[in-house]
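Take a look at the sequence and the model, then read on.

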Amino acid sequence: MRRDHYGGLIVVSRISSFFGSKAGNFRSQFRLPCIASNSFTTTHTFSPLLRQCIDERWLPGIKTIQAQMLKSGFPVQLSGSKLVDAGLKCGEIGYAREVFDEMTERHIVTWNSLIAYFIKLRRSKEAVEVYRLMITSNVSPDEYTLSSVFKAFSDLGLEKEAQRSHGLAVVLGLEVSNVFVGSALVDMYVKFGKTREAKLVLDRVEEKDVVLITALIVGYSQKGEDAEAVKAFRSMLGEGVQPNEYTYASVLISCGNLKDVSNGKLIHGLMIKSGFDSALGSQTSLLTMYLRCGLVDDSLCIFKCIEYPNEVTWTSLISGLVLNGREEMALTEFRKMMRDSVKPNSFTLSSGLRGCSNLAMFEEGRQIHGIVLKHGLDRDKYAGSGLIDLYGKCGRSDMARSVFDTLNEVDVISLNTMIYSYAQNGYGREALELFERVMKLGLQANDVTVLSVLLACNNSGLVDEGCEFFESFRKGKVVLTNDHYACMVDMLGRAGRLDEADRLVNEVVNPDLVLWRTLLSACKIHRNVEMAERLKRKILEIAPGDEGTLILMSNLYASTGKWNRVIEMKSDMRGMKLKKSPAMSWVDVDRETHTFMAGDLFSHPNSEQILETLEELIKKAKEMGYVEDKSCVFQDMEESAKERSLHQHSEKLAIAFAVWRNAGGSIRILKNLRVCVDCHSWIKIVSRVINREIICRDSKRFHHFRNGSCSCKDYW
């Protein structure tokens with residue numbers, strides 16, 4: 001190319017002819033004086049053109065400028081930095097890397113730009129590769145290099161390499177003096193789960209800022225070290241560092257986990273004073289904190305102040321309400337969320353499904369299943385586990401298994417939920433087959449898996465299999481808890497192997513109240529008064545006046561005709577102002593839940609029709625062989641009065657109502673206590689009388705009554 005007084009204009013002219021309309025006005029913009037050197041031409045001729053290409057994100061133009069630079073004889077190391085920068089700003093990382101690799105000399109800014117952009121794209125592996133090339137090229141990293149690459153190390157789990165680079169930061173004097181490097185180190189160690197190392201780094205940094213301390217607080221909160229998070233927050237205030245929105249959000253979550261409402265309210269006050277209480281993230285954290293502390297009304301007040309709640313806020317509210325036993329309210333809020341056209345995520349749907357499963361609301365749960373399908377989340381493990389739990393707790397293990405088999409990823413939570421579904425419904429063989437199949441795939445069982453497997457054996461009468469699994473678990477890696485021993489004691493006790501159950505309890509180092517009471521319950525089933533009285537004395541030493549023990553003993557004495565002892569027990573209970581929980585049953589008919597209490601014959605608006613239907617069902621059941629089991633009455637009364645008492649059990653009233661309403665399909669009953677022997681026998685016969693399936697979920701398990709038999713095979 002000819003280099004004269006108009007050399008700059010010649011270059012611009014050639015590029016203009018290539019750009020066409022994009023650079024139509026370049027000639028008038030860049031009428032340059034005489035070009036003194038290549039460097040001058042690069043800076044004053046090509047830089048404005050590069051900026052134009054960057055503004056329009058036009059890679060062909062950048063490549064044309066690069067070609068003209070090469071024709072003009074400019075070395076790559078002089079033009080390369082600008083071309084790499086242009087490529088990155090246009091989002092063309094591949095082009096930027098090509099130019100970078102051609103450069104023989106690279107400025108530290110170019111190294112840092114490339115590393116930072118790879119991390120921005122979540123291509124941490126390539127960022128680390130560039131960093132390694134930088135070190136082998138004897139280029140010393142600066143604070144920007146290290147603060148970027150530490151994030152890549154944590155993303156890839158490269159702990160040892162991260163520690164070596166930490167050592168380099170110490171040698172360069174950047175760990176102590178540079179708050180950006182310090183914050184990146186704290187964040188990195190937090191993500192590695194090493195909060196102790198993160199705290200040591202923070203203590204060494206000379207000038208601490210809010211980002212640095214917040215990184216540590218977030219780490220403590222995520223790792224479950226909530227008390228340390230609150231402690232770090234207090235130290236932060238003591239050092240005069242003002243918290244930001246993220247600091248408040250994290251420490252409030254820790255207060256909620258600790259149920260520390262006192263500190264939570266103090267922090268709420270600080271937020272108001274600092275003006276952060278109106279930020280959506282802060283409001284969501286406040287809402288979550290109050291819900292985890294059981295202060296539902298306070299959380300609702302916070303929620304009402306949020307003008308435009310997003311899906312995270314809605315999810316926090318719905319899951320918190322379910323956590324506090326407010327399932328009906330949670331489902332109401334879920335419906336409001338859908339009406340407001342806020343798209344639910346998998347956690348929202350999982351919480352809504354959990355609310356339905358707790359209430360055994362099958363139809364409502366199926367509607368949420370439709371929403372799951374609509375949003376393409378049917379293979380998501382969180383929504384999937386919620387669906388498995390729903391169908392399991394509604395007595396439809398077949399549907400639960402269909403969901404389980406379609407999941408993209410089977411984790412220990414979805415496996416536990418499926419096994420528990422089988423266990424609750426008495427499908428022990430299916431539970432054991434699934435457990436053994438998944439274990440062969442390499443999934444590690446945890447304590448919940450073990451408990452679910454033992455429960456499956458217990459509810460299906462697979463005592464020998466349960467004992468074998470228990471022994472294998474004792475030799476395995478999972479640490480067995482009192483809950484596992486209680487399940488085994490219940491299994492052995494219900495099978496009549498009371499001496500074995502007693503020996504097992506005594507093997508436990510610190511047997512708790514539940515263990516002893518479980519064995520006592522087995523004594524009540526088998527009417528072993530002698531062992532029961534020994535256990536009663538032991539339990540009352542641990543927990544004087546334990547209500548459950550006194551009720552069990554009263555029922556045992558009643559079933560064995562020891563009415564004087566029954567009077568003594570009830571006198572003791574009255575003296576301690578203890579009351580037995582009333583038996584209650586719920587039934588869903590036409591998407592409405594109806595509640596029935598034992599002995600309450602007239603409070604329901606359709607009581608007359610219910611009693612007429614119940615009398616007819618009892619009459620037909622007796623014709624088919626039903627005889628009242630009066631041992632289920634724990635009061636000393638006339639035989640005819642015992643019969644009337646049994647006829648007024650809550651599940652009988654609920655079934656009579658469902659039959660009167662002629663609700664189609666299966667009848668689903670939810671009961672707060674175990675179903676008694678008399679009701680169990682009666683419902684079996686009624687299922688034949690009405691030729692319909694009756695599903696009863698009591699406090700321990702499901703009973704599927706079909707054509708005169710029960711899925712539990714009379715073992716419960």
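## Overall make-up

Helices here are DSSP runs of H or I with at least four residues, strands are E runs of at least two, and both are numbered from the N terminus. By that count the protein chain has 39 helices and six strands. The model is a predicted one.

The chain has 716 residues, and 51% of them count as buried. Its exposed surface comes to about 33,900 Å². Carbon and sulfur atoms supply 50% of that area. Take the contacts between residues at least 6 apart in sequence: 64% of them join residues at least 24 apart.

Residues 411–445 are 74% helix and 0% strand. Here the end C-alpha atoms are 10 Å apart.

## A loop between two helices

Most residues other than glycine have a negative phi. Asn138 has a positive one, near 60°, and is not a glycine. Where does Asn138 lie? It sits in the loop between helix H8 (124–136) and helix H9 (143–156). Asn138 is exposed, because its relative accessible area is 72%, and the cut-off for exposed is over 50%.

S4 covers residues 694–697 and runs antiparallel to S5, with four bridges joining the two. In this pairing, Ile694 stands opposite Phe705 in S5.

Arg706 stands opposite Ser709 in S6. Is Asn707 buried or exposed? Its relative accessible area is 60%, so Asn707 is exposed. S5 itself is mostly covered, with four of its five residues buried.

## Aromatic pairs

Two rings of Phe, Tyr or Trp pair if their centres lie within 6.5 Å. By this rule there are 14 aromatic pairs. One of them is Phe470 with Tyr485. Their ring centres are 5.2 Å apart and their planes meet at 85°, so the pair is edge-to-face. This pair links distant parts of the chain. Phe470 is in helix H29 (residues 463–475), while Tyr485 is in helix H30 (residues 482–494), 15 residues apart. Phe470 is buried, with a relative accessible area of 2%. Tyr485 is buried too, at 13%.

Phe657 and Trp660 form an aromatic pair that is tilted. The centres are 6.1 Å apart, with 45° between the planes. Both residues lie in helix H38 (residues 650–660). They are three residues apart, about one turn of the helix. Phe657 counts as buried because its relative accessibility is 0%. Trp660 is partly exposed, with a relative accessible area of 32%. Elsewhere, ring pairs link Tyr131, Phe150 and Phe153 into a cluster.

## Charged residues

Which ring does the charged end of Arg668 sit over? The ring is that of Phe362, and the charged end lies 4.3 Å from its centre.

Lys642 belongs to helix H37 (residues 639–647). Is Lys642 buried or exposed? The relative accessible area of Lys642 is 11%, so Lys642 is buried, as the cut-off is under 20%. Which residues are in contact with Lys642, leaving aside its neighbours within four places in sequence? They are Trp563, Lys630, Val633, Gln635 and Met637.

Technical notes. Residues numbered from 1 in each chain as written. Predicted model: local features only at pLDDT ≥ 70, side-chain atom pairs only at ≥ 80, totals over all residues. Heavy atoms only, no water. Buried < 20%, exposed > 50% of the residue type's maximum accessible area, 1.4 Å probe, protein only. Contact = heavy atoms within 4.5 Å. Areas by Shrake-Rupley, 256 points an atom, 1.4 Å probe, with all protein chains shown as cover. Pairing = 2+ DSSP bridges. Phe/Tyr/Trp six-rings, centres within 6.5 Å; stacked < 30°, edge-to-face > 60°. Lys NZ or Arg CZ within 6 Å of the ring centre and 35° of its normal.
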